[in-house]
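I opened the model to look up one annotated site. My notes are below the structure.

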Amino acid sequence: MRAYLYDNLDTDCREPHEQNPSVPVSVEELEASGVLYWRLKDENFEDQIDKICADRNYKNRDQITVSKQGLGELFDAKIKTFFAEHLHEDEEIRAILEGTGYFDIRDKQDRWVRIKVEAGDLIVLPAGIYHRFTLDSNNYLKAMRLFKEDPVWTPLNRPCDEYPYRKAYLNVIEAN
């Protein structure tokens, strides 16, 4: 995982969009925005996932392959939906199994932070955080999705500051 401030240029979202000079964002800064990160080791990947699930009360999991082949005719529409700025009422938890992509989050100052993820990364985006996702130019990512309850992925596009999970998120962030 590598995180840095997004350059906000209106070009292909699958490009790195790294400012020049680059402005790195540390794991501690991500944590201040409520984002959690683990680097999983290949040799005991499943054991690590099981431990995180037990510790954080994740009960369900599935897998998604985000690629032209995996999504077929829905590919372009799904990528557009994923890249629209949104939030969820639940955490978004992804363990990257194969490939690479980007999660963009809004930090405490409402700046875009780009987080490049690759196989072995596990990321948790808190409920209520504005974010988006896109592939990189490789156009392929396979991820395990983890859920506290039944698998649900309902994006609420910005603006939705009036929703209780957005307000709860802001209260937690402001307290830190």
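The entries below cover the annotated site and two of its residues.

I worked on a predicted model, where local features need pLDDT of at least 70 and side-chain atom pairs count only at pLDDT 80 or more, while totals for chains, interfaces and linings use all residues. Residues are numbered from 1 along each chain as its sequence is written, and side-chain values use heavy atoms, without hydrogens and water.

**Site.** I looked up the UniProt annotation "binding site", which in an unreviewed entry covers His86, His88, Glu92 and His131; such annotations may be inferred rather than shown by experiment. The four span 46 residues in sequence, yet no two of their C-alpha atoms are more than 11.6 Å apart, so they gather at one spot.

**Glu92.** I found Glu92 in strand E5, residues 92-106 (strands are DSSP runs of at least two residues, numbered from the N terminus). Glu92 counts as buried because its relative accessibility is 7% (buried means under 20% relative accessible area, with a 1.4 Å probe and protein chains only). Beyond its neighbours within four places in sequence, Glu92 is in contact (heavy atoms within 4.5 Å) with His86, Phe103, Ile123, Val124, Leu125, His131 and Trp153.

**His131.** I placed His131 in strand E8, residues 131-135. At 2% relative accessibility, His131 is also classed as buried. With neighbours within four places in sequence set aside, I listed contacts of His131 that include His86, His88, Glu92, Asp104 and Trp112.

How values were computed
Helices (H or I, at least four residues) and strands (E, at least two) are DSSP runs, numbered from the N terminus. Buried means under 20% relative accessible area, exposed over 50%, partly exposed in between (1.4 Å probe, protein chains only).
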